There are 2 protein chains.
Amino acid sequence: MRRLLFEISYAGTRYHGYQVQQNGITVAEAVQDAVERVFPRREAITGCSRTDAGVHARQFTFHMDTEAAIPEKAAVIALNNLLPDDISVKSCREVAPDFHARYNVCWKRYCYEIWNHPVKNPFLQGLAMHHKAPLDAALMDRCAREFVGTHDFALFRTTGGKDVGTVRTIYEAKVERQGEKVIFSVCGDGFLYHMVRLMTGTLLLTALGRLAPGDITAMLETGTGERGITAPAAGLYLDRVSYQPWPEISLTGGDNHGPG
Amino acid sequence: MRRLLFEISYAGTRYHGYQVQQNGITVAEAVQDAVERVFPRREAITGCSRTDAGVHARQFTFHMDTEAAIPEKAAVIALNNLLPDDISVKSCREVAPDFHARYNVCWKRYCYEIWNHPVKNPFLQGLAMHHKAPLDAALMDRCAREFVGTHDFALFRTTGGKDVGTVRTIYEAKVERQGEKVIFSVCGDGFLYHMVRLMTGTLLLTALGRLAPGDITAMLETGTGERGITAPAAGLYLDRVSYQPWPEISLTGGDNHGPG
C-alpha cells in the first residue's frame, strides 16, 4: 500500500465546488472518474480543503492510497490525458502512510482577483470579479494588513459552513495593483466559511468611503461593525497549500510553478 | 445620419466567427441583437475583418449608420449592459460619413499565444494553444523575422477564403517568451485565409529540427517548402486594428488600453 499526494490545479467555473455532493458535478468526482480509469479501482481521495462552487485553485492537494504499482510520473501523464481541460495534475509523490492532505496543512494562501476597469474583460469571464469604479489599492492594502494576527473572525464568516471555532491566525494580508487588476492575497492557518470573500467585500467598502484605516482592527476587537458583501466566487483562487510552518524559507523562489 | 465607429473586444470561444452566417451564432449577430435594443432599429454593422470560429479579438472595429441621437458614451454603456460577458464595447466615436471600418484599415496586428509547459493550464482553456515540448523562442524569433517584407504568401494560406491576390506586406514579426507563454505577433497590411495560423504552425517546426533560419526566406522566394500545421483557432487574437499608416508614431504608448 502506497499513499500518494497529488497536486492539482483547476478552474472551478463548471463545478459545484470540490467536495462530492448531491446536486451537481464536483472537482472530486471528475478526478475520481479519471482515477478509476488509471488505477485498478475507484480509490477514495482526501482533499486539502473544500472550495465553493465557481472557486478556482492554482494549487490543491489530495491524498489517495493504492495497491497499484503505477509510477508517479506515469500516473500524472495518464490522469492529465483523461481529465477535462479545466483540471490538471501538476505532480504526484509518495508520502508517509500517516500523512494527511488536510490535517497536515500548515497554512494556505488565497488570492482574490478584481478586474478594475469601467468595461468588463471578455477574457476574464468567471475568472475575476468586475469592479467598474476606480479602487485605491494602496488604501485597501493599508486596511488589509490589519487582518494579520490571531483574531476571532466570527464577523467574517457566514453560517452554513462546518467551522470549528472562529479564531484563526493570519500571517500575511496585502493588496496589490497589477495593471487593471487589483489582487488581495491572504495567508493563514485556516479560513472560515466565506471568510476571504467577506474580507474582500469589506475592503471594497474603501471605495465608498465606508472603510478607513483602523476600522478592521476595531471590528476584530469588538466583533461588530459594517462588513461588506460576500464577493462573488469567480474571483477567488486557492493559490497555495503549504505543509511547512510559516514563514517558509525558500531557496528556489517558491515551489508553485507550473500551470495556473 | 451619423456614422459611428465602435471598438469592441471578444472571446471567440462560443462563436462561429465574427461574420453572420447560417450554421451558428456569431459575434456580429450578438452585437446586432444588442444594437436593436439600444437603437430604434436593427442597424447593419460593417466589421473591420472576419475572424474564424474560436478566434479572439482584443481590438475589433465596426461602423454603423444611425438616425438616433443617442450620445456615444451612453451607447457604450447601454450596449455593455446588454451584451454577453464575452463581448465588450470599449469605445464609440462619430466618424466621417465615408469612413469605412474595413477599407480604411492601414494595418492589423495578430498575436498567437502558446502555453508551453508539459501540463495544460486550466485557466487558458480556449485561450491558448498547448505545446508540451520546450520551444526555443529565440530561434523561432529569428525565423519569424524572415516574414517581414512584401511577399507572395500563397504557401501560407488555405483555400476556402475569399482572398484577393496573395501578395501582402508584413511590417513586423517576432516571437517572445513571457514566462511559460510563447507569443508570436505579426503586423501587416492584410492577411490571407489561415495565414497567421499557418505561420505559427511553420514556426513550431523549429522544435522538431525541421525549420532553420533561412528556410522561410527560401519558402517565400520559391513558393515551395514544408509548411507546418494550421495552428488551432484558440490561440489566435486579432490584437490591433490601425487606421494610421505604419509605422505608427505614438506619444502615449499605444491606444489599445482597456480590457483584453
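The model is predicted, so local features need pLDDT of at least 70, side-chain atom pairs count only at pLDDT 80 or more, and totals for chains, interfaces and linings use all residues. Residues are numbered from 1 along each chain as its sequence is written, while chains are lettered from A and ligands numbered from 1 in the order in which they are written. Strands (E, at least two residues) and helices (H or I, at least four) are DSSP runs, numbered from the N terminus. Two strands pair if DSSP finds at least two bridges between them.

- Strand β5 of chain A spans residues 107-116 and is mostly covered, with 9 of its 10 residues buried.
- A residue is buried if 20 or more other C-beta atoms lie within 10 Å of its own, exposed if 12 or fewer, and partly exposed in between, with C-beta atoms placed from the backbone.

**Pairing partners of β5**

- The antiparallel pairing of β5(A) with strand β9 (residues 181-188) of chain A comprises 8 bridges.
- Within β9(A), Val186(A) stands opposite Tyr110(A).
- Strand β10 (residues 236-242) of chain A also pairs with β5(A) in the antiparallel sense, over 6 bridges.
- Leu236(A) in β10(A) is the residue opposite Tyr112(A).
- Strand β6 (residues 129-131) of chain A runs parallel to β5(A), and 3 bridges join them.
- His131(A) in β6(A) is the bridge partner of Asn116(A).

- Strand β8 (residues 167-178) of chain A runs antiparallel to β9(A), to which 8 bridges join it.
- Arg177(A) has Val182(A) in β9(A) as its bridge partner.
- The two strands β8(A) and β9(A) form a hairpin with 2 residues between them, and Gly179(A) in the turn has a positive phi of about 65 degrees.

**Arg93 in strand β4**

- Arg93(A) lies in strand β4 (residues 87-95) of chain A.
- Arg93(A) counts as exposed because it has 12 C-beta neighbours inside 10 Å.
- Apart from its neighbours within four places in sequence, Arg93(A) is in contact with Leu5(A) and Glu72(A), where contact requires that the C-beta atoms of two residues, placed from the backbone, lie within 7 Å.
- From Arg93(A) to Arg227(A) the separation is 134 residues in sequence and 42 Å in space, C-alpha to C-alpha.
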